[in-house]
Amino acid sequence: MIELQGQVALVTGAGRGIGRAAALELARAGADLVLSARTQAQLEEVAGEIQALGRRALVAPGDVSQAGPVEGLVGHALREFGHIDILVNNAGITRDAVLLRMKEEDWDQVLQVNLRSAFVCTRAVSKGMLKQRSGRIINISSVIALMGNAGQANYAASKAGLIGFTRSVAREFASRGITVNAVAPGYIETEMTRDLPQKAREWIQERIPMGFLGQPEDVARMVRFLSAPETRYVTGQVFNVDGGMVM
Amino acid sequence: MSSIQEKVTQIVVEQLSVEEDQVTPTASFVEQLGADSLDIVEMVMALETAFEIEIPDEDAEKITNVQEAVDYLEKKLAAA
């Protein structure tokens, strides 16, 4: 399967979890990768795996919620590869607290990393996509955006914000051959969900019709699908990958 | 026709996919040449690249036809 041969994908939060799986899946489909995250060491590991697949990987650590570093990152990627065809806005954090105990910095940090970074990265990357009249932007939202979750008002707001962002930008770019879609994972086995107490895990599993947590690769395959030529007529949509949790 | 005007006209023709004879100095990009807001942003980006300058948003808003673009560029390039 080399349907993405010659294409370049930028994935934020690519050091682990869903971002790492998406980067590897896109590399297996033939794409070269630009990898971003805060910690370089994890990115180097993922880059090694991508190079082992015979694809090129550029490691670009930095804060993707700030325009300056992002413009630098995109410039570096363009000098290296010449174009960016796929953007996966995946960087995300949680700072859980019940609302009455939620601090303003918990709110601000989550919104900054999860939502603002998607805006900043999309603005930086879309310039080139508009020029070449093609591109794929995939925003990693969450089923929590759709159903809400006690203790995650900040996270839910940021992920719901991504959906509104997705639809608006999809409308702006539709006439230029750029599709913009969101993927809403349910509970996936990552570091973000690993530390859940056993009781919470059981509670969750009871609410997933399929009865088990998903793997990062389940989400990654949807990202690859939305990057592929076969989905050129799909834009402004939200795809749940959640074992049937929300339907 | 000045070389700046020729270059601007060429960019307008390409960016807005219009015929050259439609692009008169005073033809409005939006009303007469059918540009939408994204077309305008892309055209300004193309002008920036072609003339190797930066056009701030507040200046870009004032450029609504070829003549205004040429006047702006002449002033800007003379100052550089």
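Chain B runs α-α-α-α along the sequence. It holds 4 helices and 0 strands; helices are DSSP runs of H or I with at least four residues, strands are E runs of at least two, and both are numbered from the N terminus. The model is predicted: local features need pLDDT of at least 70, side-chain atom pairs count only at pLDDT 80 or more, and totals for chains, interfaces and linings use all residues. Residues are numbered from 1 along each chain as its sequence is written, chains are lettered from A in the order in which they are written, and side-chain values use heavy atoms, without hydrogens and water.

The C-alpha trace of chain B spans about 30 × 25 × 20 Å along its principal axes. Of the 80 residues in chain B, 45% are buried (under 20% relative accessible area, 1.4 Å probe, protein chains only).

In chain A, the axes of helix α3 (residues 67-81) and helix α4 (residues 104-132) come within 9 Å and cross at roughly 35°. Axes are lines fitted to C-alpha atoms over the stretch in contact, with angles from 0 to 180 degrees between N-to-C directions. Ala67(A), Val70(A), Glu71(A) and Val74(A) of α3(A) meet Val120(A), Cys121(A), Arg123(A), Ala124(A) and Val125(A) of α4(A), contact meaning heavy atoms within 4.5 Å.

Notes:
Buried < 20%, exposed > 50% of the residue type's maximum accessible area, 1.4 Å probe, protein only.
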